[in-house]
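Please open the structure in your viewer and keep the selection panel at hand.

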Amino acid sequence: MKKILITGGAGFIGANFIYYMQDRHPDYRLICVDSLTYAGNMSTLEKAMAKDNFVFYRTDICDRQAIYEIFEKEQPDIVVNFAAESHVDRSIENPEVFLDTNIKGTMVMMDAARKYGVERYHQVSTDEVYGDLPLDRPDLFFTEETPITTSSPYSSSKAAADLLVQAYHRTYGLPVTISRCSNNYGPYQFPEKLIPLMIANALAEKPLPVYGEGLNVRDWLYVEDHCKAIDMIIHDGVVGEVYNIGGHNEMKNIDIVKIICKALGKSEDLITYVTDRKGHDMRYAIDPEKIHRELGWLPDTMFADGIQKTIQWYLDNRPWWEQIISGEYMDYYEKMYGDR
Ligand code: NAD
Ligand code: DAU
């Protein structure tokens with residue numbers, strides 16, 4: 001029986017991780033800490049809340065006093081830090097909150113982990129810390145040795161956090177691991193991100209805003225496979241190590257949008273090419289050899305199945321995302337896409 005403190009558990013990947021862990025380790029106590037920003041949603045955690053060994057704290061990870069109180073009370077064995085500002089476009093509009101949560105919040109979580117003692121502090125990072133790859137070099141992949149080179153305020157804040165995590169390991173001996181995953185998709189993803197945004201817009205017969213020419217490549221992984229990898233790393237990963245996570249599933253944005261149109265029976269005429277994202281990374285591609293070799297991790301869900309499951313989930317759970325895309329999301333959408 002372990003006690004795992006999970007930050008950002010009301011968001012997309014954190015919530016999927018909570019459900020994964022409740023299923024695989026029903027005897028573990030899971031302690032979720034989330035400040036419920038625009039991206040956090042309590043309705044996502046409804047089923048998790050029904051379990052006795054689950055507890056939720058609405059707390060900002062930058063709030064040192066409150067975080068120390070939670071550690072004092074709960075004495076977690078393992079910390080998994082998902083909490084972050086995660087959307088690149090928002091970071092271009094307003095970098096400050098990204099630096100606060102993603103860097104300072106990580107520092108507070110690690111200070112608490114040092115003060116109260118944990119067997120593992122795991123930092124959930126991203127492949128975006130490696131910058132991007134050219135489209136004409138399909139032989140190149142991000143390995144754990146690829147130098148850190150960032151493009152957006154979001155990726156810079158995640159990279160800064162990673163460096164801080166490595167510094168806490170070397171300087172204070174904090175037992176850390178870091179994972180850097182490629183683009184996730186699946187249930188409960190906030191509809192500002194490519195796949196759920198295109199599903200929601202297509203269902204409403206609204207324009208499908210593809211940035212630039214839609215030729216940028218992302219390396220897609222079904223969210224449950226990311227959760228499985230983190231479960232393996234926190235139990236069997238080597239302290240001080242970085243693990244890349246990805247399933248060798250590179251796709252052009254435009255092809256993803258066309259798959260969604262086809263699956264929903266919508267016309268490709270809805271596709272609208274809009275002004276490109278500033279500093280837009282061209283291609284991400286993870287080499288997952290290390291986690292496969294050392295921990296035996298392999299993804300279970302192929303993209304062809306995962307995308308159909310995901311589309312079906314959004315069809316079956318309309319109230320979840322329809323509630324999100326009303327209200328303040330409409331102001332966000334108008335601001336970001338209004339005159340693009
Ligand atoms: P998300 O935006 O869906 O969820 C983030 C969660 O963190 C929300 O519940 C939010 O309320 C919470 N949060 C934000 N600021 C907080 C704060 N100051 N204190 C407490 N809680 C706070 O994000 P996601 O897509 O689930 O990403 C989770 C993590 O995985 C992030 O660290 C992200 O960098 C990383 N990641 C994401 C992807 C992806 O494709 N989505 C891929 C690789 C890595
Ligand atoms: O690679 C991992 C990263 O993946 C994570 O660290 C981030 O938290 C996560 O948001 C994601 O970043 P991206 O910028 O790749 O994801 P996003 O869904 O915003 O965009 C995916 C691609 O689709 C990207 O090339 C931009 C493009 N796009 C996105 C949106 C929202 C469009 O063409 N139109 C859109 O409306």
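The model is predicted: local features need pLDDT of at least 70, side-chain atom pairs count only at pLDDT 80 or more, and totals for chains, interfaces and linings use all residues. Residues are numbered from 1 along each chain as its sequence is written, chains are lettered from A and ligands numbered from 1 in the order in which they are written, and side-chain values use heavy atoms, with hydrogens and water left out.

**Stop 1: ligand 1**

Select ligand 1 and its shell, that is, the residues with a heavy atom within 4 Å of the ligand. The shell holds 28 residues, of which Ile-13, Asp-34, Ser-86, Tyr-154 and Lys-158 are the closest. By class, there are 12 nonpolar, 13 polar and three charged residues; Ala, Val, Leu, Ile, Met, Phe, Trp, Tyr, Cys and Pro count as nonpolar, Asp, Glu, Lys and Arg as charged, and the others, Gly among them, as polar.

Next, display the polar contacts (pairs of N or O atoms within 3.5 Å). A polar side-chain atom of Asp-34 is 2.6 Å from an oxygen atom of ligand 1. Nitrogen atoms of the ligand take part as well: one lies 2.9 Å from a polar side-chain atom of Asp-60, and one lies 3.0 Å from an N or O atom in the side chain of Thr-101. Taken alone, ligand 1 exposes 830 Å², of which the protein buries 97% (Shrake-Rupley method, 1.4 Å probe).

Which elements each supply at least two residues of this shell? They are helix 1 (12-24), strand 5 (120-126) and helix 6 (153-172), and strand 5 gives the most, with three residues. Helices (H or I, at least four residues) and strands (E, at least two) are DSSP runs, numbered from the N terminus.

**Stop 2: ligand 2**

Move to ligand 2. Oxygen atoms of ligand 2 lie 2.6 Å from a polar side-chain atom of Tyr-154, 2.7 Å from an N or O atom in the side chain of His-280 and 2.8 Å from a polar backbone atom of Leu-194. The protein buries 95% of the 690 Å² that ligand 2 exposes when taken alone.

**Stop 3: the enclosed and open spaces**

Hide the ligands and consider the protein atoms alone on a 1 Å grid: a cavity is a set of points where a 1.4 Å probe fits but cannot get out, whereas a pocket is an open set with protein on both sides within 12 Å along at least five of seven lines, and lining residues have an atom within 4 Å of a point. The structure holds one cavity of 30 Å³ or more. The largest cavity has a volume of about 60 Å³, and its lining includes Glu-128, Arg-218, Arg-277 and His-280.

For the second largest pocket, of about 230 Å³, select Asp-89, Ile-92, Glu-93 and Arg-277, which are among its lining residues. Helix 4 supplies the largest share, three residues. The lining comprises two nonpolar, one polar and eight charged residues.

**Stop 4: an aromatic pair**

Finally, select Tyr-68 and Tyr-116, an edge-to-face pair at 6.0 Å centre to centre with 70° between the planes. Tyr-68 lies in helix 3 and Tyr-116 in helix 5, 48 residues apart. Rings of Phe, Tyr and Trp (its six-membered ring) pair if their centres lie within 6.5 Å; planes under 30 degrees apart count as stacked, over 60 as edge-to-face and the rest as tilted.

Technical notes: Points joined across faces, edges and corners; volume = space filled by probe spheres on them. Polar contact = N/O pair within 3.5 Å; in protein donor to acceptor, adjacent residues only side chain to side chain.
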